[in-house]
Amino acid sequence: MMDFAALIQLLDSTVRLATPLLLACLAGLYSERSGVFDIGLEGKMLIAAFASAAAAAATGSVWLGLLAGIFASLMLAGLHGLASITFRGNQLISGVAINFLASGLTVLLGQKWFGLGGRTPSLEGAARFEPITLPFAGSLAPVPVLGPIYSELISGHSILVYVAIALVPASAWLLYRTRFGLRLRAVGENPAAVDTAGVSVTGIRYAAVAITGILCGLAGAYLSTALAAGFGREMTAGKGFIALAALIFAKWRPWYALAACMLFGLLEAVSIRYQSIDLGFVMIPVQFTQALPYILTVVILAGFIGKAVPPRAGGEPYVKER
Amino acid sequence: MGGADISGRQASAAPFAIELRGISKAFGPVQANKDISIQVAKGSIHGIIGENGAGKSTLMSILYGFYKADAGEIVIDGRVTSIPDSQSAIRAGIGMVFQHFKLVQNFTVLENVILGAEEGGMLAPSLAKARKVLADLAREYELDVDPDALIEDLSVGHQQRVEILKALYRQADILILDEPTGVLTPAEADHLFRILKGLRDQGKTIILITHKLREIMETTDTVSVMRRGTMVATVRTAETSPEELAELMVGRKVLLQVEKKPATPGQTVLEVENLRVRDPQGVERLKGISLTIRAGEILGIAGVAGNGQSELLEVLGGIARGTGTIRLNGRELDLTGRHSDGQSRRADGIAHVPEDRQVLGLIMDFTAWENVAFGYHHAPEYQKSALLMDNDAIRADCEKKMATFDVRPPIPTLAAKNFSGGNQQKIVVAREIERNPDLLLVGQPTRGVDIGAIEFIHKQIVALRDAGKAVLLVSVELDEIMSLADRIAVMFDGRIMGERLPDQTNERELGLLMAGVSGEAA
C-alpha cells in the first residue's frame with residue numbers, strides 16, 4: 001500500500017500538473033461564458049510556452065519571458081476575436097486554425113532561431129520560475145502529518161501555482177459580484193438583452209477573449225519556464241483539450257473548475273507515477289487513467305451527473321436583429 | 001375619412017412626447033418606411049396598427065436606434081433628437097418592450113433589471129436599489145413580480161412585466177410595446193392593459209404596436225394606421241370603428257365576422273375516450289380526455305396555453321404517444337405501436353396544421369415546394385420512379401396551391417423563411433387541406449398572421465367543414481374559437497372542464513372555465 005510520504009508526493013505533483021490545466025480552464029471560462037467558444041486554448045498555450053522560453057533564453061529574465069508569452073497568446077486571442085466576433089466566422093474553425101498555426105509557427109521559429117530541432121535552449125537560474133519556500137516550511141517539516149503537508153504540498157511551488165489558485169476566488173468574485181461579470185454572463189446567454197440595454201456586445205466579448213489570452217499566456221509560460229526548463233515541440237500535448245474537458249466537467253464555474261482540474265491533474269500524476277495499477281483482481285492499464293478525463297467529460301455531457309448546460313448563446317456570432 | 005388631424009386640439013398644450021417628421025427608410029429596393037410623420041401626445045396611449053410587413057417594426061427600430069433613417073427627424077419633447085444607438089434611445093427616455101423578450105433566462109428578475117443600468121462596478125448597491133425601486137413600482141402599477149425569481153421560472157405574462165420594469169427602472173417616459181399580447185392569455189392581456197392605463201394616468205406615453213383591432217379599440221386614445229410603408233391615417237379611437245380601421249389597414253373592405261351557415265353534423269368521425277399522455281419527465285399532461293367530433297362540424301378547444309392542448313394535438317397527430325382509445329370513422333387507431341406516427345395518421349386521413357409552424361410545420365431553410373411535399377412525399381403523384389421523386393410535379397403542384405391559397409409571392413423556389421408569417425401559414429394550410437382529410441387538426445391557425453390572411457384561412461376551415469369534414473380547432477384566441485367553432489370544449493390542467501355552444505355562452509363563462517372554475521359553479 002501507499003505510504004504517507006508517497007501520497008504527499010503524489011498530491012504535490014498533482015498540484016504541479018493541475019496548474020496549467022487550471023489556468024487554461026479559467027481562460028476558457030471567460031471566453032465561453034461570453035459566448036465565444038474556444039478550442040484554441042491548446043494553440044495559445046503552445047505559442048505562449050514557446051515565446052516565454054525563447055524570450056527567457058534570450059534575455060535571461062523569466063519575467064520578460066512571461067510578458068512575451070502573454071503577448072504571443074494575446075495576439076492569437078485577438079485573431080480569434082477578429083474571426084469570431086468582428087467577422088462572425090465559425091468559432092470552431094477559427095480555433096482549429098489557431099491550433100495549427102501555433103503548432104507550425106513554434107517549430108518553424110524555434111528551428112530558425114535556435115537550431116535545436118524546435119527546442120529552445122535549457123533555462124537556468126533567473127530564466128526560470130523557481131519554487132518559493134513559504135515561511136517556516138523548514139522548521140515545521142518535522143511536525144507529524146501537518147508538517148509534510150505544509151512544507152511539501154503547500155510550500156515549494158512556483159509563483160504561478162499560487163497565482164492560478166488565487167485566480168479561482170478572484171474569477172468567482174468578478175463573475176458574480178461585479179458589473180463586468182454580470183454583463184459577461186449575460187452576453188453569453190442572451191446578447192440581445194445586453195445590446196438592447198445599450199451595452200456593446202462586441203466590447204464585452206473582446207474583453208473576455210483578451211482575458212482568455214492573458215490566462216493562456218500564464219499557462220504556457222508555466223509549462224516551459226516553471227514545470228520544464230525550456231520549450232519542446234508540441235509540449236502542451238493536449239493539455240488545452242483536457243482543460244476544455246475540465247471546463248465542461250466544471251459546468252463553466254470557477255470553483256468547480258478548481259475541483260475538475262485537480263481531479264484531472266491527479267489522474268495525470270497517477271498515470272506518470274504508476275504504469276498500471278494492480279487492484280489485485282484486475283489490472284488497470286495506464287491508458288485507461290489517461291483517457292479517464294475524456295470519459296468523465298462524456299459522462300457529464302450525457303447528463304448522468306447533473307446536466308452541464310453550456311452558455312446558451314455560445315458558438316453563435318451575434319447579429320443584431322430588429 | 002376620419003383622418004381629422006388631432007394636432008389642432010393638442011397644439012396649444014404641451015409639446016408632443018414624440019413627433020416623427022418625414023421618416024424614410026429603404027432596405028435595398030424595398031421602401032420599408034415612406035415619409036412617415038406622426039405626433040404622439042404626452043400622456044396618451046397611441047396605437048400603431050398595420051398588417052405584417054407594413055413597416056411598423058422598422059419604424060420602431062428607428063426610434064430605438066437599431067436602424068438609422070435615410071431621411072426625416074425625430075423630435076422628443078419638442079427637441080430634435082438623434083438616436084444613433086439604443087443607449088441614446090434610453091437616454092432620451094424611450095423604453096421598448098419587444099415582442100420576443102430580451103431577457104437572460106437564467107438570471108434573476110433583479111439582475112435582468114439592472115443589466116446595463118448598473119451603478120458603479122460592484123453589483124450589490126445596484127441590486128439593493130433595484131429591489132427598492134421594484135417594490136415601489138409594484139405598489140404603484142400592479143407590476144408585482146418576485147425580484148429573486150429566475151426568468152425561466154416565470155410565466156410569459158410575468159416575463160413581460162419584467163420587460164416593462166426594465167424600461168421604468170431606466171426612467172422611460174415613453175414606452176413602446178411591440179405586439180405585447182401575442183403570447184398572453186386573455187386575463188394576462190387585461191392585466192397588461194390595466195397596467196398601461198395606470199402608466200398613462202401617471203403621465204407616461206405609451207405606443208402600442210399591434211395588429212389586433214380589439215386591443216386598439218379598447219385601450220388606445222389615438223391610432224395611426226400603416227399600410228405598405230406609409231402612414232395612411234391617424235384618427236381618434238373614439239371616432240372610428242374596427243371596420244374602418246381594418247379597411248384602412250388592408251386597403252379594401254374586410255369581413256371581421258366569419259360568415260358561416262349553421263352546421264349540419266353527420267356521422268361521428270372522431271371518438272376519443274379516456275386519452276392520457278405523459279411528457280418525457282413523467283408528468284401527466286392529458287388526464288383522461290374524452291370527446292367526439294362529427295362530420296361537418298368544428299370543435300373548438302379553448303384554454304390558456306399549456307393546459308394540454310398541444311399534447312392533444314400531438315397525440316392525435318401521431319407525434320406523441322399515449323394511452324386510451326382513438327377511433328376514426330369507427331376504426332381504432334394505434335396509440336403506442338408501429339402505426340402511431342405522423343405518416344400513419346396522414347394515411348388514416350388525419351391532416352395536421354401544427355401550432356408552431358416554424359418548428360413543426362415547415363423547414364424554414366427549405367424551399368416552398370419542398371415544404372409543400374413534406375409528409376406527403378410518398379404520394380404516388382410525386383414519384384417519377386421507384387427511387388426518384390418527380391420534383392417538377394411537386395413544383396407544379398406547389399404553384400397550383402400557391403395560386404389557390406393566394407400565397408405571396410407565388411414563387412415555389414423561395415425558402416420558407418422568406419415568406420411572411422401569414423404566407424408561411426397559408427403554405428402549411430394549403431398542404432394539409434388540399435389532401436382532403438376526414439379530420440383536420442388545426443393549432444393556433446392565425447398566430448402571427450395578418451388580418452387579410454386570417455380572413456382567408458378562416459374561410460378555408462369553414463369550407464372544409466361545409467364539405468362534410470371534421471375539424472378540431474385549438475386556439476388561445478377566444479374570439480377565433482367563438483366565431484369559428486360549432487361546439488366549444490374548454491381545457492384546463494389536462495382535462496375538459498366543460499362543453500358549450502357558442503351562441504349559448506359568453507367570454508366570461510368561458511374565461512372562468514379556462515381558469516379551472518368548474519362548469520356548475522360558472
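This short talk walks through chain B of a predicted model, from its domains to single residues.

First, the ground rules. The model is predicted, so I describe local features only at pLDDT of at least 70 and side-chain atom pairs only at pLDDT 80 or more, while totals for chains, interfaces and linings use all residues. Residues are numbered from 1 along each chain as its sequence is written, chains are lettered from A, and ligands are numbered from 1 in the order in which they are written.

Let's start with the layout. Chain B is divided into domain 1, residues 1-93 + 205-254, and domain 2, residues 268-514. Those bounds come from an automatic or database domain assignment. The C-alpha centres of the two domains lie 36 Å apart. How many residues of domain 1 of chain B are in contact with domain 2 of chain B? There are 9, and they meet 8 residues of domain 2. In contact means that the C-beta atoms of two residues, placed from the backbone, lie within 7 Å. On the domain 1 side, helix α9 of chain B (residues 242-250) gives the largest share, 3 residues. That side divides into 4 nonpolar, 3 polar and 2 charged residues. For the classes, Ala, Val, Leu, Ile, Met, Phe, Trp, Tyr, Cys and Pro count as nonpolar, Asp, Glu, Lys and Arg as charged, and the others, Gly among them, as polar.

Next, the contact between the chains. Chain B puts in 21 residues and chain A 19. On the chain B side, α2 (56-63) and α3 (86-91) each supply at least two residues. The largest share, 3 residues, comes from α3(B). By class, the chain B side has 10 nonpolar, 8 polar and 3 charged residues.

Now to helix α5(B), residues 123-141. Helices here are DSSP runs of H or I with at least four residues, strands are runs of E with at least two, and both are numbered from the N terminus. α5(B) has 19 residues and reaches 26 Å from its first C-alpha to its last, close to the 27 Å expected. The expected span is 1.5 Å times one less than the number of residues.

Which residues of α5(B) are buried? They are Leu123(B), Ser126(B), Ala130(B), Leu134(B), Leu137(B) and Tyr141(B). An α-helix has 3.6 residues a turn, so residues three or four places apart point the same way. As for cut-offs, buried means 20 or more other C-beta atoms within 10 Å of a residue's own, exposed means 12 or fewer, and partly exposed is in between, with C-beta atoms placed from the backbone.

What does the buried face pack against? From chain A, α7 (159-177) and α8 (179-189); from chain B, α4 (109-114), α6 (156-169) and α7 (186-201). On the other side of α5(B), the exposed residues include Lys132(B), Asp136(B) and Arg139(B). Just after the helix, Glu142(B) takes a positive phi of about 60°.

On to the strands. All 5 of the 5 residues of β7(B), 174-178, are buried. Ile174(B), Ile176(B) and Asp178(B) point one way, and Leu175(B) and Leu177(B) the other. β7(B) runs parallel to β6(B) (residues 94-97), with 4 bridges, and parallel to β8(B) (residues 205-210), with 5 bridges. Two strands pair if DSSP finds at least two bridges between them. Ile174(B) stands opposite Ile94(B) in one pairing and opposite Thr205(B) in the other.

A second sheet is open and antiparallel, with 4 strands in the order β12-β11-β14-β15 of chain B. β12 (284-294) and β15 (331-332) stand at the edges with a single partner strand each, so one side of each has no neighbour in the sheet. β11(B), residues 268-278, is joined to β12(B) by 8 bridges. Glu271(B) stands opposite Thr292(B), and Val272(B) has Leu291(B) as its bridge partner. β11(B) and β12(B) form a hairpin with 5 residues between them, and Gly282(B) in the turn has a positive phi of about 90°.

Last, two lysines. Is Lys212(B) buried or exposed? Lys212(B) is buried, with 20 other C-beta atoms within 10 Å. Lys212(B) sits in the loop between β8 and α8 (213-219) of chain B. Ile451(B) is 239 residues from Lys212(B) in sequence, yet 8.3 Å away, C-alpha to C-alpha. Lys261(B) lies in the loop between α9 and β11 of chain B. Lys261(B) has 8 C-beta neighbours inside 10 Å, so it counts as exposed.
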